[in-house]
Amino acid sequence: MKLNKKKRVVLLIVFVILLVVIIAILLFMGKTDTKKEKIGFIITGAMDEKGWNGMHYEGVSAACEELGVGLLVKENVKEFQGECEPAIEDLVNQGCKMIILTSYGYAEEATNAIQKYPEVSFYCSSFNYHAENVTSFFSRMYQARYLAGIVAGMKTETNQIGYVAAMPTSEVNRGISAFTLGVRRVNPQAVVTVAWSNAWDNEEAERKQADNLIENTGVDVITYHQNQTYVAEEAEKAGIYSIGYHQRLENCSDKFLTAVVGDWKLTYEAIIRQYLRGNSADIKIYWVGMEENAVKLSDFSTLVSEDIRDEVDRATSQILAGQDVFSGVIYDTEGKLRCKENQTICDEILLEQFDWYVEGIEFYDK
């Protein structure tokens, strides 16, 4: 009788163990069968290219891996060619409920799709189109542009600094202006001359405009706002100083002083986390900057002196303490007061309405 009772106890224990194992297996199978969240990502160039598109792909890929979400990429989707909306359609059909558009030029083409899919959250680089399902995002690259301006302003001997820029969007305009504010902080006599390439990626135009500035204006420091490093390459040929954007120039001399760079992984982590938490509609303008280590200058060359580094450190500390680049008394090129003492230009204007330039900027129009 006692033996039978012991057997029943043993059988009961075995049964409970088996039940627990079965439940665990079912739970595990259910977890693995759960569809992974899919993030759609659209870029104007290739994933493996250097510069803007490659840096953004590396950033979003690392962020998605960190957060355990899937990533579907549409590459080489050209602006103003009617390619953006079909790319969005395809990503939606593949189950993407969050789609990231990485170029300002997509705004006009994407509007119909944004309205057509109100259940999809769109995160768009520097957009000025508003909807319930749209968040405009960017890194505060202008903060690092300001620091780069300090470097340029202290290195120039001619007081002539060149800037080859893609096109006059708010993003580009505030970058030019922030850079010039940095230049004029340390060298009020210096002038920044801007030449337009009218494209994000046009090797011929960028090299030509860089050469125009170098040969015709006497610039001895030059920087740029494009996807590639063509301007810096022309500066190397001419033997003048240059400051890069997005990445360092490979196999360069010490005259390549530094580069304005962003940690796009941190930026994409921030906006993807916001989406996954279900509050994508709560913030319409999402910016991250030096405070989150998302933007900075790359390593300095040996030609950047300790005095310059100290001034950059002072400016960095002021920004981190809450003193924005676009604060205090600021005049534009027409002499109009744009910001008063003890005031700061708001994010909405910086992101969407920056259609002017600060004092100290000229334009090359030959």
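## Nonpolar cores

A nonpolar core is here a set of buried Ala, Val, Leu, Ile, Met, Phe, Trp, Tyr and Cys residues that are joined through side-chain atoms within 4.5 Å. In this predicted model, the largest such core has 92 residues, and the members that touch the most others are Ile100, Tyr268, Ile272 and Phe326. Helix H5 supplies the largest share of this core, with nine residues. Apart from it lies another core, made up of 20 residues, which include Ile42, Val77, Val92 and Cys96.

For Ile272, when neighbours within four places in sequence are left aside, the residues in contact are Val60, Ala63, Cys64, Leu67, Val69 and Met98.

## Helix H5

Helix H5 runs over residues 141–155, and because 15 residues at 1.5 Å a residue should span 21 Å, the 21 Å between its end C-alpha atoms agrees with expectation. The helix is mostly covered, with 14 of its 15 residues buried.

## The crossing of H2 and H9

Helix H2, residues 52–67, and helix H9, residues 264–276, have axes that come within 8 Å and cross at roughly 50 degrees.

On the H2 side, the contact is made by Trp52, Met55, His56, Gly59, Val60, Ala62, Ala63, Cys64, Glu66 and Leu67, while H9 contributes Trp264, Lys265, Tyr268, Glu269, Ile272, Arg273 and Leu276. Two of these H9 residues, Tyr268 and Ile272, are also among the members of the largest nonpolar core that touch the most others.

How values were computed:
Residues are numbered from 1 along each chain as its sequence is written. This is a predicted model: local features need pLDDT of at least 70, side-chain atom pairs count only at pLDDT 80 or more; totals for chains, interfaces and linings use all residues. Side-chain values use heavy atoms; hydrogens and water are left out. Helices (H or I, at least four residues) and strands (E, at least two) are DSSP runs, numbered from the N terminus. The expected span of a helix is 1.5 Å times one less than its number of residues. Buried means under 20% relative accessible area, exposed over 50%, partly exposed in between (1.4 Å probe, protein chains only). Contact means heavy atoms within 4.5 Å. Axes are lines fitted to C-alpha atoms, for helices over the stretch in contact, and angles run from 0 to 180 degrees between N-to-C directions.
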